[in-house]
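Please have the structure open as you read.

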Amino acid sequence: MVYEDLFYPKGVAVIGSATPGKLASVILGRLEEGGCPHLYAVNPKGKAVGSAPGYRSVQEIDGPVSLAVVVSPAATVKDVLEDCGKAGVKAAAIITSGFSEAGNQKGEQEILEVARRYGIRFVGPNCAGVINTHANLLATLETRPPKGSMAVISQSGAVGGALMAMAGEQGVGVSKFLSFGNGLDLNMMEFLEWMRDDDETKVVALYLESIGDGRAFMEALSRLTKKKPVVVVKSGRSQAGQRAALSHTGAMAGADAVFDAALKQCGAVRVDTLEELFDVCKGFSLLPPVEGRRLLIVTNSGGPGVMAMDRSEKEGLSLPEPAPALKDALYTFLPAFAGVKNPIDLTVEGTGEQYQKSLCTALPQYDAGLALYIGTPYLKAVPIAEGIAAAAKETKKPLAAVLMVGADLADARQALEAQGIPLFESGERAVETFARMAAYEAWKRDGEPLAAPAAPAGVPQPEGPLLEPEAMDLLGRNGIPVPPHRFVHSAEEAAAGARALGFPVVMKVVSPQILHKSDVGGVVLHIDSEEKAKEAFWHLEKIAEGRDFQGAVLYPMLKGGREVILGLTRDPMFGPVVAFGLGGVYTEALKDVVFRVAPVSVPQAMEMIQSIQSYRILQGIRGEAPADLDALANAIAAFSQLPFLEPGIQEADLNPVFVFEDKILTADARILYAKKEG
């Protein structure tokens with residue numbers, strides 16, 4: 001199995017120049033330093049490197065070889081893989097650069113053809129190698145990290161190396177490291193699958209610049225996050241960043257808002273910086289699960305406690321005050337001047353014993369705890385650290401610490417790290433980590449996989465834009481509420497249709513050549529008689545002169561309700577995407593829109609509604625009744641199914657959709673089908 005060959009090789013051959021300072025020589029030194037057995041140096045002169053015997057080809061090696069690390073020039077890699085294949089090697093890490101990232105697609109295809117012929121699976125090319133700290137494997141030029149439970153999968157070797165350096169600095173260990181570079185063969189999907197069943201890994205740190213098949217990525221990621229957390233940094237948020245990603249990896253980064261939505265739907269934790277990524281991975285590596293949002297803060301200083309409290313509120317954590325009985329229990333060992341709300345403020349006189357007792361007494365009533373200690377240069381912090389560590393051991397609750405200032409601060413930090421208590425630079429950073437850990441556990445309980453319906457077989461698909469009456473009929477057939485309407489082709493039909501619907505009505509021009517009706521005066525409001533209905537039809541007929549005028553569509557005038565917009569588009573990586581936000585004038589003014597990869601369930605649609613910044617407008621403000629959010633969620637879910645039931649749909653906009661107290665109605669629809677090839 002390639003996983004075993006790559007991470008637990010029986011022997012490693014490093015192919016490249018044995019000259020001191022060259023990559024092959026350096027990597028052999030790293031492997032020897034790490035304690036990896038059965039090393040072999042392969043180079044044109046058959047020169048040994050350190051304790052690794054030298055050979056001119058892999059086929060000459062008389063010992064076991066299951067992993068080849070290739071650092072020879074790009075032009076030689078094809079022949080190197082041929083040699084490996086004939087020797088029976090089944091796994092390779094190709095660190096050599098100079099392939100598609102440099103415009104050499106032909107060279108990539110040549111090595112891929114050889115690898116496939118011999119059944120070789122490989123990482124790279126243009127990668128930074130492989131690490132397994134649990135097997136003493138250090139086949140990389142990057143920093144050697146301490147052994148631990150955080151796997152690092154990185155599209156950039158430098159970023160992965162930075163993370164491992166930070167791990168060493170902060171005392172959090174790494175289990176596996178993979179830099180997949182150009183990802184020509186083994187790619188992120190395989191790595192995500194492997195990490196699911198890797199007992200040495202508790203959390204996966206993922207750095208991405210681009211991905212290929214977005215839906216396959218989501219499926220693999222969702223399977224992994226149901227077992228263990230994944231923390232993601234993705235570059236290319238800005239247009240400049242996207243250009244940089246293109247030049248660096250040969251692949252264009254997708255729309256960031258869609259990517260963000262995809263990660264959220266898969267239960268992955270997205271962060272903006274490497275520092276945040278490390279904070280969150282530290283929490284997942286060292287702490288038990290945070291299974292709720294009730295946080296306890298114990299501090300010896302009011303200001304930092306309040307700052308952590310403020311960040312907790314922003315991050316959606318709650319800090320409920322202890323119940324009266326719990327307060328009484330705290331005051332049996334705390335002085336009267338201590339504060340026993342939440343935060344519990346021990347004041348500057350707080351001792352290690354008071355930290356321990358306060359946490360042991362109160363923390364069982366909460367989901368997680370944060371101990372803040374801001375000392376003075378003349379007071380010792382080690383007793384505080386010992387009290388915090390003892391409380392974590394006794395309560396077995398997620399407990400993090402912040403230690404600032406103290407005569408023996410380094411010793412105190414070391415004492416906590418030795419007990420597996422995560423230390424953060426500030427209370428705010430600890431709170432952010434708790435919030436993300438709690439969100440992950442909530443998704444793990446309630447998250448739903450993508451479940452796209454199958455398209456009905458043999459149903460013909462139209463081309464180009466649908467006429468509005470056709471769009472309304474399509475929506476109505478698929479569970480998206482639309483108002484009663486009439487498609488009329490003459491002034492007499494307009495008068496009769498208006499009378500049947502009931503005055504007042506609105507009339508819109510229908511023409512495949514007029515998509516934005518209001519821009520050309522193609523919408524007539526407040527029609528309150530048959531004569532005005534005829535006049536309106538003649539008016540629309542006139543403005544459509546010279547265009548393909550199909551008639552007009554009539555609706556009852558809708559009063560009240562709040563306007564929202566629903567949209568569908570196709571992302572190059574993730575396919576159909578559904579958008580939701582406030583409609584009408586708010587759409588452009590506020591840009592308060594959320595995206596999800598389609599389809600979404602009714603609960604997921606409700607989460608979309610609740611996540612917009614202007615959600616309170618839909619809830620009702622200043623005495624307004626709340627909008628019918630259940631009907632809206634059902635409509636969003638039904639709308640998100642459309643591109644699967646009608647695979648020809650390229651994009652769609654429903655704007656506005658009126659949300660009333662007891663129903664919703666779509667007031668305008670634009671649906672565009674793709675043109676058929678040929």
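This is a predicted model: local features need pLDDT of at least 70, side-chain atom pairs count only at pLDDT 80 or more; totals for chains, interfaces and linings use all residues.

Contact here means heavy atoms within 4.5 Å. Residues are numbered from 1 along each chain as its sequence is written, and side-chain values use heavy atoms, with hydrogens and water left out.

**Core and surface**

- Phe574 also belongs to the largest nonpolar core, which has 58 residues; Leu6, Phe217 and Phe574 touch the most other members.
- A nonpolar core is a set of buried Ala, Val, Leu, Ile, Met, Phe, Trp, Tyr and Cys residues joined through side-chain atoms within 4.5 Å.
- Buried means under 20% relative accessible area, exposed over 50%, and partly exposed in between (1.4 Å probe, protein chains only).
- Lys542 sits in helix H19 (residues 530-543), and Lys542 counts as exposed because its relative accessibility is 64%.
- Between the C-alpha atoms of Lys542 and Leu6 there are 73 Å, and the two residues are 536 apart along the chain.
- Helices (H or I, at least four residues) and strands (E, at least two) are DSSP runs, numbered from the N terminus.

- S14 runs parallel to S17, joined by five bridges, and parallel to S16, joined by two; strands pair if DSSP finds at least two bridges between them.
- Thr299 takes part on both sides: Thr299 stands opposite Leu372 in S17, and its bridge partner in S16 is Asp345.
- In helix H13 (residues 352-362), the buried residues are Gly352, Gln354, Tyr355, Ser358, Leu359, Cys360 and Ala362.
- Those buried residues of H13 pack against S14 (295-299), helix H12 (324-330), S16 (344-345), S17 (368-374), helix H14 (382-395) and strand S18 (399-404).

**Pockets**

- On a 1 Å grid over the protein atoms alone, a pocket is an open set of points with protein on both sides within 12 Å along at least five of seven lines, whereas a cavity is a set where a 1.4 Å probe fits but cannot get out; lining residues have an atom within 4 Å of a point.
- Grid points are joined across faces, edges and corners, and a volume is the space filled by probe spheres set on the points.
- The largest pocket holds about 1,400 Å³ of space.
- Its lining has 39 residues, with Asp260, Lys264, Ala439, Arg596 and Glu607 nearest the centre.
- Helix H16 supplies the largest share of that lining, seven residues.
- By class, the lining of the largest pocket has 17 nonpolar, eight polar and 14 charged residues.
- For these classes, Ala, Val, Leu, Ile, Met, Phe, Trp, Tyr, Cys and Pro count as nonpolar, Asp, Glu, Lys and Arg as charged, and the others, Gly among them, as polar.
- The second largest pocket has a volume of about 660 Å³, and of its 23 lining residues, Lys508, Asn655, Pro656, Ala667 and Asp668 lie nearest the centre.
- Strand S27 gives the most to the lining of the second largest pocket, with four residues.
- That lining of the second largest pocket divides into 13 nonpolar, four polar and six charged residues.

**Cavities**

- There are two cavities of 30 Å³ or more in the structure.
- The largest cavity holds about 110 Å³, and among its 14 lining residues, Leu466, Glu468, Ile514, Leu515 and Lys517 are closest to the centre.
- Strand S29 gives the most to the lining of the largest cavity, with three residues.
- The lining of the largest cavity has 10 nonpolar, one polar and three charged residues.
- The second largest cavity, at about 30 Å³, is lined by Val290, Gly292, Arg293, Arg294, Leu295, Leu317, Asp367, Ala368 and Phe434.
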